[in-house]
Amino acid sequence: MLAMAEPDAFGEFEATSLFCPRCRRATPTRKKLLLVLPTGHKYDYVCGECGTPVGGKSDNDSRDFYRTIRPQVPTRKSS
Ligand SMILES: [Zn+2]
């Protein structure tokens, strides 16, 4: 069964402005979840107006990883 997407994961929005080299000014950024790693999430920030990547971020929240990918616990018994 696939892990259900939580509304929280999509509703999360940080009002961040970063300098966009293409727009040549600070623009509102969009945060995209790139990867879920054992060590946490990896995010990408892209310009909200032209889509140019303007930065990245990772956090140390590993809960999603272990919740998404079930640890392999040897619970099988052949009886
Ligand atoms: Zn831009």
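A residue is counted as buried if 20 or more other C-beta atoms lie within 10 Å of its own, as exposed if 12 or fewer do, and as partly exposed in between, with C-beta atoms placed from the backbone. By this criterion, buried residues account for 8% of the 79 residues in the chain. The structure is a predicted model, in which local features require pLDDT of at least 70 and side-chain atom pairs count only at pLDDT 80 or more, whereas totals for chains, interfaces and linings use all residues. Residue numbering starts from 1 along each chain as its sequence is written.

The secondary structure comprises two helices and four strands, where helices (H or I, at least four residues) and strands (E, at least two) are DSSP runs numbered from the N terminus. Along the sequence these elements follow the pattern α-β-β-β-β-α.

The four strands form an open sheet of order β1-β2-β3-β4 with antiparallel pairing; two strands are taken to pair if DSSP finds at least two bridges between them. The edge strands of this sheet are β1 (17-20) and β4, each of which pairs on one side only. From one strand to the next, the twist averages 40°, with axes defined as lines fitted to C-alpha atoms (for helices over the stretch in contact) and angles running from 0 to 180 degrees between N-to-C directions.

Strands β1 and β2 run antiparallel and are joined by four bridges, with Ser17 standing opposite Pro28 in β2. The hairpin of β1 and β2 has four residues between the strands, and Arg24 adopts a positive phi near 60° there. Strand β2 (residues 25-37) pairs with strand β3 (residues 40-47) in the antiparallel sense over eight bridges. Within this pairing, Lys31 stands opposite Tyr45 in β3, and the bridge partner of Lys32 in β3 is Asp44.

Asp59 lies in the loop between β4 (53-58) and α2 (63-68). This residue is classed as exposed because 10 other C-beta atoms are found within 10 Å. When residues up to four places away in sequence are not counted, Asp59 touches Gly40 and His41, two residues being in contact if their C-beta atoms, placed from the backbone, lie within 7 Å. Asp59 and Gly40 are 19 residues apart in sequence, with a C-alpha to C-alpha separation of 5.3 Å in space. For the chain, 31% of the contacts between residues at least 6 apart in sequence join residues at least 24 apart.
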